[in-house]
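This report takes up the confidence of a model, the contact between its chains and the packing of some of its helices.

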Amino acid sequence: MIAPQLRVTAVSKAFGGVLAVDQVSFDLEAGKVNSIIGPNGAGKTTLLNLLTGVYAPSAGNVVFEGADVTGLAPHLLAARGMARTFQNLQIFFNMSALENVMVGRHLRERAGWFAALLRSRRLTAGERESRDEAAELMRFVGLGDYLGAEADAMPYGALKRLEIARALGGRPKLLLLDEPAAGLNQTETQAINALIVRLADSGVTVVLVEHNMRLVMGVSDHIVVLDYGRKLCEGTAERVRNDPKVIEAYLGSAELAQC
Amino acid sequence: MDWRTPRTGGLALLAAVILVLPLALINNYWYEVAILVGINAIVCVGLNLLIGYAGQISLGHAGFFGLGAYGSAILTARYGWPPVAALAATTAGVAVLALVVGRPILKLKGHYLAMATLGMGIIISIVVVTEDGLTGGPDGMSVPAFTLFGLGLAGERAWYWVVGAALLGAVWMALNLIESPAGRALRALHGSEVGAQVSGIDATRAKVGIFVISAVFASLAGSMTAHYSGFITPGKVGFFHSIELVTMVVFGGMASTFGAVIGAATLTLLPQLLTVLKEYEMVVFGAVMVATMVFLPRGFLPSLVLELKKKKQK
């Protein structure tokens with residue numbers, strides 16, 4: 001058996017007296033689509049924040065590609081190849097769409113202060129390359145029509161894709177998507193679904209935090225189910241769907257039966 | 001080359017204004033006013049990078065301006081350093097100080113950062129006033145003229161061109177910076193700090209970097225003022241000058257380099273023009289400020305650009 005790309009061991013996070021994430025452990029294999037699901041308030045987003053360094057865990061540890069990365073700052077995790085999107089958009093609304101994606105390339109750019117102030121020739125060349133690659137990424141996620149748009153003039157569905165394009169700018173090995181389909185209609189959801197499959201095919205490990213059962217069941221190789229901050233079960237879609245604990249946790253168990 | 005972009009068209013326009021302006025400067029008094037505008041504009045262009053683009057407030061930038069002025073003054077007048085060496089040493093000293101102070105205080109946000117920078121400015125101001133053996137205290141001190149390779153720089157007309165060139169350089173560098181990876185990182189931090197961090201941006205490093213750069217702009221402007229006016233007092237180091245500088249940036253329009261220049265020019269000129277109103281001067285000045293913020297909430301230049309864009313779309 002190959003070593004997992006991400007190993008999460010007994011990770012917990014307490015906010016005051018509330019245990020938002022309680023001793024959660026799981027392994028993620030490289031190149032797969034993995035999903036973290038659970039009812040509202042199950043701790044999905046908190047867990048994602050722990051994995052990406054936005055919060056530091058109260059206990060437990062996270063090992064990414066063989067190195068202990070527990071509590072590392074988000075920009076250091078990004079440098080190791082982690083990227084993410086947000087449920088509540090964290091778009092740079094003061095910039096153009098293209099510039100948003102260019103920021104995603106930050107780690108691969110020449111970011112020196114002096115070169116920037118004096119606009120060195122190498123910097124100009126790098127800028128052209130950055131612009132081209134950002135445009136390419138925007139086309140890849142289906143935002144070809146928005147190459148000249150300002151971020152604050154784009155519709156919600158397009159902004160969700162813009163965050164994915166920005167995350168891809170760093171050429172991540174592990175991409176964590178926090179509810180990419182939330183607030184999207186049926187057609188948009190299907191398009192996101194197709195995009196996730198394409199991403200996984202290109203070799204990126206995808207971690208999907210989702211509410212939308214239909215999306216999760218369709219694309220996931222591996223599913224981790226959370227409830228009240230604890231791991232309820234994990235496994236393939238088939239296994240999770242038939243687990244009585246999971247069906248019980250979802251009061252709207254009819255929703256599961258449907259898919 | 002596209003002349004409509006700020007980096008080409010805007011710079012060319014600014015250069016043209018600087019070149020043509022002397023035709024309208026009828027006497028030395030107006031030259032003095034123009035130089036003062038230029039000096040304030042240099043500080044504001046730097047400060048706007050910090051406040052307007054990176055979204056980090058500083059209520060203590062007059063302190064850096066003052067350190068630049070007093071550093072050059074003390075090293076040349078008290079220790080007989082050549083002005084160029086004094087300028088270089090002072091600038092380097094201010095950069096190091098901004099780096100050391102910036103690291104802890106830029107971890108603060110919003111009102112807390114405002115308080116910390118305010119405190120820093122007040123401490124610098126107090127040191128300048130109380131160390132009267134070095135600084136002359138509240139009475140101020142005189143500063144030798146600027147010399148380079150034995151050539152002296154004196155008179156309003158000569159300084160006009162020096163300050164004009166320095167302003168052009170400052171604007172050019174600011175425009176370069178905001179359209180570079182480092183500049184995008186700053187704007188990203190302003191847009192969403194967590195979004196920037198997960199994109200690989202080291203927030204502390206970026207904020208401290210721009211804090212140092214804006215402090216250096218202020219320090220250089222301070223050194224120039226000291227040599228140009230030949231006499232400095234603690235007035236320009238204090239809290240009120242810091243507030244004045246922030247007001248200029250906000251008035252001209254945050255996140256707009258030319259807005260910062262316009263803000264500095266307007267708020268430097270307005271009091272001069274309003275002197276005819278005698279005791280009502282400050283009332284009218286205040287009314288103009290309030291009216292601007294009510295009717296042009298984004299500041300002068302960005303509001304104007306937005307209006308023009310709307311007209312064009314119709």
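**Confidence and conventions**

Chain B has a mean pLDDT of 92, with 98% of its residues at 70 or more, where pLDDT is the predictor's confidence in each residue, from 0 to 100. The model scores ipTM 0.91 and pTM 0.92.

This is a predicted model, in which local features need pLDDT of at least 70 and side-chain atom pairs count only at pLDDT 80 or more, while totals for chains, interfaces and linings use all residues. Residues are numbered from 1 along each chain as its sequence is written, and chains are lettered from A and ligands numbered from 1 in the order in which they are written.

**Contact between the chains**

Chain A brings 31 residues into contact with 26 residues of chain B, a contact requiring C-beta atoms, placed from the backbone, to lie within 7 Å. On the side of chain A that touches chain B, 18 residues are nonpolar, seven polar and six charged (nonpolar: Ala, Val, Leu, Ile, Met, Phe, Trp, Tyr, Cys and Pro; charged: Asp, Glu, Lys and Arg; polar: the others, Gly among them).

**Helix packing in chain B**

Helix α3 (residues 61–77) of chain B and helix α5 (residues 110–130) of chain B cross at roughly 30 degrees, their axes coming within 8 Å; helices are DSSP runs (H or I, at least four residues) numbered from the N terminus, and axes are lines fitted to C-alpha atoms over the stretch in contact, with angles from 0 to 180 degrees between N-to-C directions. α3(B) is therefore roughly parallel to α5(B), a term for angles under 35 degrees. The residues of this contact divide into six nonpolar, four polar and no charged.

How values were computed: Two residues are in contact if their C-beta atoms, placed from the backbone, lie within 7 Å. Helices (H or I, at least four residues) and strands (E, at least two) are DSSP runs, numbered from the N terminus. Angles under 35 degrees count as roughly parallel, over 145 as roughly antiparallel, 65 to 115 as roughly perpendicular and the rest as oblique.
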